[in-house]
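Good morning, and thank you for making time for this item on the agenda. Please look at the sequence and the structure on the screen while I speak.

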Amino acid sequence: MSKHLVIVESPAKGKTIEKYLGPDYQVMASYGHVRDLVPKEGAVDPENGFRMKYDVIERSEKQIEAIAKALKKSDDLILATDPDREGEAISWHLYEVLRDRGLLDDRGVHRVVFHEITKKAIQQAIEEPRDLAKPLIDAQQARRALDYLVGFNLSPLLWRKIKRGLSAGRVQSPALRMICERENEIEAFVPREYWTLDAKVERQSQPFTARLTHLDGNKLDQFDLNSAELAHDAQKRLTDAANGELRVAKVEKKQRRRNPAAPFTTSTLQQEASRKLGFTASRTMRTAQQLYEGIDLGSGAIGLITYMRTDSVALAGEAIGEIRGLIEERYGANNVPDSPRQYKTKSKNAQEAHEAIRPTSVRRLPNEVRERLSSDQARLYDLIWKRTVACQMIHATFDTVAADLVPGDSQHQFRATGSTLVDPGFIAVYQEGRDDAQDDDEDKRLPEMAEGDTVQLEEVTADQHFTEPPPRYTEASLVKTLEEYGIGRPSTYASIISTLQSREYVEMDGKRFIPTDTGRIVNSFLTQHFDRYVDYDFTAKLEDELDAISRGEKDWVPVLEDFWGDFRDRVKEKEENVTRAEAVQSRELGTDPQSGRPVSVRLGRFGPIVQIGTKDDEEKPRFAGLLPGQKMDKITLDEALELFKLPRDLGETPEGEPVMVNIGRFGPYVKYGSKYASLGPDDDVWTIELPRALEIVAEKKKKDAERFIKSFDEEGIQVLNGRYGPYVTDGNKNAKIPKETDPKSLTLDQCQELIAAAPERKGRGRKGAAKSTGKSSGKTASKSSTAKKTTTKKAATTKKAASKTGTKKTAPKKSTSKTSTSKKAPAKKASTAKSGSAKSGDGDSRLSAQPSGDRGSE
């Protein structure tokens, strides 16, 4: 029998830790959270001190029983969940469940924390246990309650006023606001013209370029030369004044230093992995979790990096010593600074005083462990290793030269600059990435020059430019901006970004976010009616208060009381006074010339639509979905009316099949009878005529004929040519035909035998992806005829998922203590961290415990 039962969060971590502790310790996993708020309204009761009602999560029942059984055979319980608010809350919830079952009455309970999974760190943690930290639990409870109250009140309001399946969140909504405001800036941006003049010169057979900085003795501002006329006039005057050469009026030489970046925090790791590796925030956190929990390097699993959820840039003295020793050995003593570099956390919302993210030992070189790691693990470990080593190296040194060049005796002036890397220092190991193009520190050498020298002028060039709008956010720049504003926690950013995408609030243009019409309408509704709660300063101040709770400086209940009163009143007032038409931003475009009825655009149940008529008309309104690329706030009356011209009837095939064209989910198509063929890239759905449509149909029929080998119609079995060769299908299962068998010779019995022996077809997401319905009624046009089925399925899936999240995953099997008070633990109340419903739009993605027990899969 084990004397000590140790509880961690995931089995992967548990196996690594059990190896270090020996036979007297049994390590088990909680698989994330064990309790959650009951999945219904009233789980948080503001009228009774924000009392929170918990139930054991259904999928956790079996594991709790296993833990309870093991505890009966153990002397004490050691809670070793992660060293943050979430980990503290998980330990507290498990403590409450086991205490209520009477299993802790005669057993000691200890809380241990460690920031790396190494033998030394684990053993030291076991030797230095503490009690459960009430401030951390209270802070997590406050955060959980806030997210619940926002989600369970704002999200249903969005459902009623706009459409079902939407969500709002305490951090999610300000993040959406950032993306929408950036798009507004881009759309409102008016480019300004400006010109630059450069002198292409040469000295000692070395060509270089100088930029015009002064004209007629006046320093040039960006828009002083804002037309071709001004630029070309200046170009001629400069050329004439130079007469083929420029005089060196001044030479300045300086030395510049550049210091290394601080070691990684959660946020900077997400940013840099996005820039350098192309990882999403969730992919970064998932991979970092694996490196933290342990990788088998040949002699058992060992944690390769320290805890990956941290705001700290500090490094332990022991780690710094090891890093400095490695630098001296691999890069020379001259690359080790006289004293260790010390970094201080800038984030005002720093949570616990953890270390930065670093390798548990820099002696484990990336190239030596690479063969034991997956591709993602190897690339991320390499990034962390390099950043950590570089942060303790000397600065990089550059020699910079600036030369002022003057044409003749004029008052005009050009400036040439050069930069030479003299000593790479830390750059030999690592250089920080950037989101957008900037001048690099690469060598730009100038020839040797002295005051009074002359250089040969080849020509003066004039280049036209236009100012550019601010760039759209990438994951890296959005995470950086959220952190700069003090909004949210770095550990929540991955789930927030995922939610914005899953709710279809944003779409991606390459790696950059573009708000959808739905996202912009939700943002407009929230900024207009709930401005305080999407305000950046208000959200950041709330984060500050949550951090104050975690430090024991504030009580959590008054913080919630200050938030709840105004928020509750605002929700009630908007429920009564805001109409659905106002919420969905219905916009009248004009009048339909044929019917005389109004034409409007609005957000419909399945997306943006154009509508002819109103619900009060005797004749029912007609609807058409917007085409890809069309925006609600930009579409014109003429463009809207065009949508109702689809589908277009073109005539018939020689066999008498009706032919029409339309736009569906996968683009423009021609329908003949009950079959479909895609239009070519040069075909226009609005102008294509019957002859060209028949050509497309003939090509499709030819391909189908080549694909068809034989058929047994009475059994619904066909023999077909596929991408990978001939096969047999009954519509449900596909069976490969042996190479030695002639497909044309197959009998019905042989086909049935092949199908019976074939494996079941694997699911591919939605069953039976929606196909175009072809010709819809005249009241439906454009993609509404095809997308409606797809969107309906999406909505149904979303609804089902919401139900599953709200009831199945967190459905109670047994009720456990409700805000019970612990005698042994210093904490009184806490919450689980997983949302009780799909309505809650925020939260650390670790809250959704995975089957593997990985809270950090994000």
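I shall go from the chain as a whole to one threonine, then to strands and helices, and finally to salt bridges.

Please keep in mind throughout that this is a predicted model.

Let me begin with the chain. It has 22 helices and 33 strands. Of its 858 residues, 52% are buried. The accessible surface comes to about 40200 Å², and carbon and sulfur atoms account for 47% of that area. As for contacts between residues at least 6 apart in sequence, 73% of them join residues at least 24 apart.

Is Thr266 buried or exposed? Thr266 is buried, with a relative accessible area of 1%. Its side chain has polar neighbours in the backbone. The backbone oxygen of Met308 lies 2.8 Å from a polar atom of the Thr266 side chain, and the backbone nitrogen of Thr310 lies 2.7 Å from a polar atom of that side chain. Leaving aside residues up to four places away in sequence, Thr266 touches Met285, Met308, Arg309, Thr310, Ile357, Pro490 and Ser491.

Next, the strands. Strand β25, residues 658–664, runs antiparallel to strand β26, residues 667–672, and six bridges join the two. Within this pairing, Gly664 stands opposite Gly667 in β26. On to strand β27, residues 675–678: β26 and β27 also run antiparallel, joined by four bridges. Here Val670 stands opposite Ala677 in β27. What lies between β26 and β27? The two strands form a hairpin with two residues between them, and Gly673 in the turn has a positive phi of about 65°.

Strand β29, residues 717–722, pairs with strand β30, residues 725–729, in the antiparallel sense over five bridges. In that pair, Asn721 stands opposite Pro726 in β30.

My last topic is charged side chains. In general, side chains of opposite charge can pair when their charged atoms come close. A search of the whole structure finds 60 salt bridges, and I have selected a few for discussion.

One of them joins the side chains of Arg85 and Asp547, at 2.4 Å from N to O. Arg85 lies in helix α3, residues 85–100, and Asp547 lies in helix α16, residues 536–550, so this pair ties together parts that are 462 residues apart in sequence. Arg85 is buried, with a relative accessible area of 3%, and Asp547 is buried as well, at 1%.

A second salt bridge brings together the side chains of Asp138 and Lys134, at 2.6 Å from N to O. These residues are four apart in helix α5, residues 134–161, and so are separated by about one helical turn. How accessible are they? Asp138 is buried, with a relative accessible area of 6%, whereas Lys134 is partly exposed, with a relative accessible area of 27%.

The side chains of Lys700 and Asp704 meet in a salt bridge, at 3.2 Å from N to O. Because they are four residues apart in helix α20, they are separated by about one helical turn. Lys700 counts as partly exposed, with 27% relative accessibility, and Asp704 also counts as partly exposed, with 28%.

Finally, salt bridges can be joined into a network. Which residues are linked in this way? Arg143, Asp147, Arg170 and Glu543 are linked in a network of salt bridges.

That concludes my presentation, and I thank you for your attention.

Terms used: Residues numbered from 1 in each chain as written. Predicted model: local features only at pLDDT ≥ 70, side-chain atom pairs only at ≥ 80, totals over all residues. Heavy atoms only, no water. Buried < 20%, exposed > 50% of the residue type's maximum accessible area, 1.4 Å probe, protein only. Polar contact = N/O pair within 3.5 Å; in protein donor to acceptor, adjacent residues only side chain to side chain. Contact = heavy atoms within 4.5 Å. Areas by Shrake-Rupley, 256 points an atom, 1.4 Å probe, with all protein chains shown as cover. Pairing = 2+ DSSP bridges. Salt bridge = Lys/Arg side-chain N within 4 Å of Asp/Glu carboxyl O.
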